[in-house]
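Please look over the sequence and the structure shown below.

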Amino acid sequence: MKNRLCLHLMANKEKGFALPLALLIGLILMVTGMSMIMRAQGDQSKVIAQNAKADGFRSSEAGVTRVQDLLNSVRVMARFNSNSNCNTVGCWQNAEVPAGNPSNDLQKHLKKLHTATACSNPDAAATLTANIDRLQLLSGGQWSDLGNNRYYRVAEYRFTPIADPNILGLGVLTLEGRSRKSAETDLTKTDLNIDSDDNAASRNRVVVTVPILPSPPPPFNRTTVPALWISEGKADDGARFQGDVVEDVVSPECNISQNKIQQPIPAPNPSYKAQFVGVTFPNLPPIPTGLPPGQQDLVLASSQFFPRKNADGAIIDTASDRTINGQNVKVYEYIVNNIDLDDGETITITPGQRVVFYVKGNINGAIEHNCAGQAGCQPGNLQIYADNGLGSAAPQICLKGNENLEGFIFAPDYSLGKTGTGTFTGAAWGKNWGQIATCPSSSNPPAVTQGVGWTELIQDLRPPYPRLDQIANWCEEPIDTTGTSTCVP
């Protein structure tokens, strides 16, 4: 009897222990399951966030590629900021091909480029205009649609010049990319919380630095300066030139005559030619300050030698220190109001000496600079820069006589011409050639024979037509970055 009672009590005791144990096991399983579900949800959210971030980054990459392509199609704009310095030199915001006179440097370049492009390919000119308009639109900072709910915008583009002969400067592009799950309805919104309605949206900002390299048009790729560069019309008065001739395009007269070119023997490779280019004149070198009074405001109306000497043959003028082609050299500089000589009178430059004239008025007469047989003498030892500082309505430079002239003349606002049987080796840049009635050209000898090297000039005047190099630096920064970016090198 006692044994049965003991067994009955033991059976009831096991039943009381099994129930809590089952409940405990069920609780453990439930907590484990909930933990796994929560972990899975966390992993899913993490994956969604990572995918969104990657999508936003891909949007930035695509945006950078598009801006690079646009700048490569309108490379001159790589030297101008997107939305600063707009009134002085121009920027993307006011980039256009003006119907009338350009109002800033950028518009001057774009008009030249468009006209030259239209002469060779009207369809390419239309594409050029469209790409200029696209870059202008990007300057406003609004979002551009990449498709698939992805967007990009240009926050800023800034060009910084660099004192390096092998690089024009650095282009720094700050660009933002976005990726959304749903389409954006207002692309003008740029505030920080614009994607608060989309929990799968991602936005990031990148700062990309691209070196901008010099890429001169064909006539400026030689070691020597083009023999003639005129900004208005054509050199069509019968003169011949033994060198490259760069002319302005007067649309729709896009045909350019090669008959004015006289090739030397042997001819260079490639041969000299007359051509249009989509670039404008560079700026004149600044007139130096602090020259001695005797070297300022000169009126040259009779034969003289430069640099000037006393009765004992000693030079009495003061030389300036100039850096030319990386070397410190002595240059005799003069500010000249006018050169007006009678027949038989000559301004003579002593071979081997470097002389620069900054001319405010007209030049009419014979100038001689003959390097023949003189060691160390180069055509570029004589340089003449004319700025029409006296305000003539029709400034002129007429070279006369039978003397040999070697030198470089840059007079952007001047009509140029040469008469007589003297030779002129070097280069002449000006407004036009052959438009001076009293200074008719002869077809023989050549009006100008190309012969001045770029490295002989006191200032680099090669047109800075740009080319984008490969990306040098790519950096991500916070969207709310203000002030100087740590990404800019």
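Asn325 is located in the loop between strand E11 (319-324) and strand E12 (327-340). Helices (H or I, at least four residues) and strands (E, at least two) are DSSP runs, numbered from the N terminus. The model is a predicted one, in which local features need pLDDT of at least 70 and side-chain atom pairs count only at pLDDT 80 or more, while totals for chains, interfaces and linings use all residues. Residues are numbered from 1 along each chain as its sequence is written, and side-chain values use heavy atoms, with hydrogens and water left out.

- Although Asn325 is not a glycine, its phi is positive, at about 55 degrees.
- Asn325 is exposed, with a relative accessible area of 55%; buried means under 20% relative accessible area, exposed over 50%, and partly exposed in between (1.4 Å probe, protein chains only).
- Asn149, in the loop between strand E1 (144-147) and strand E2 (150-164), also is a residue other than glycine with a positive phi, near 60 degrees.
- Asn149 counts as partly exposed, at 22% relative accessibility.

## Cis peptide bonds

- Ile265 and Pro266 are joined by a cis peptide bond, with omega about 0 degrees.
- Pro266 belongs to the loop between strand E7 (245-247) and strand E8 (274-276).
- The peptide bond from Asn269 to Pro270 is cis as well, and its omega is near 5 degrees.
- Pro270 is placed in the loop between E7 and E8.

## Helix H3

- The 17 residues of H3 should span 24 Å at 1.5 Å a residue, and the end C-alpha atoms are 25 Å apart, which agrees; the expected span of a helix is 1.5 Å times one less than its number of residues.
- Ala125, Leu128, Asn131, Ile132, Leu135 and Leu138 are the buried residues of H3.
- Exposed residues Pro122 and Asp123 are carried on the face of H3 turned away from its buried side.
- A side-chain oxygen of Asn121 comes to within 3.1 Å of the backbone nitrogen of Asp123 at the start of H3.

## The second largest pocket

- Rolling a probe the size of a water molecule over the atoms shows where empty space is left.
- The second largest pocket holds about 300 Å³ of space.
- Its lining has 17 residues, and the closest to its centre are Ser73, Arg75, Leu113, Thr117 and Tyr465.
- On a 1 Å grid over the protein atoms alone, a pocket is an open set of points where a 1.4 Å probe fits, with protein on both sides within 12 Å along at least five of seven lines; lining residues have an atom within 4 Å of a point.
- Grid points are joined across faces, edges and corners, and a volume is the space filled by probe spheres set on the points.
- Helix H1 (2-73), helix H2 (105-120) and helix H3 (122-138) each supply at least two residues of this lining, and H3 gives the most, with four residues.
- The lining has 10 nonpolar, six polar and one charged residues; Ala, Val, Leu, Ile, Met, Phe, Trp, Tyr, Cys and Pro count as nonpolar, Asp, Glu, Lys and Arg as charged, and the others, Gly among them, as polar.

## Contacts of a buried glutamate

- Glu333 lies in strand E12 and is buried, with a relative accessible area of 2%.
- The side chains of Glu333 and Arg322 are joined by a polar contact of 2.8 Å.
- Another polar contact, of 2.7 Å, is made between the side chains of Glu333 and Tyr358.
- A polar contact is a pair of N or O atoms within 3.5 Å; within protein, one must be able to donate a hydrogen and the other to accept it, and residues adjacent in sequence count only if both atoms are side-chain atoms.

- Ala62, in helix H1, is partly exposed, with a relative accessible area of 25%.
- Ala62 and Tyr151 are 89 residues apart along the chain, and their C-alpha atoms are separated by 9.1 Å.
- Cys91, in the loop between H1 and H2, counts as buried, at 0% relative accessibility.
- Cys91 and Gly361 are 270 residues apart along the chain, with 34 Å between their C-alpha atoms.
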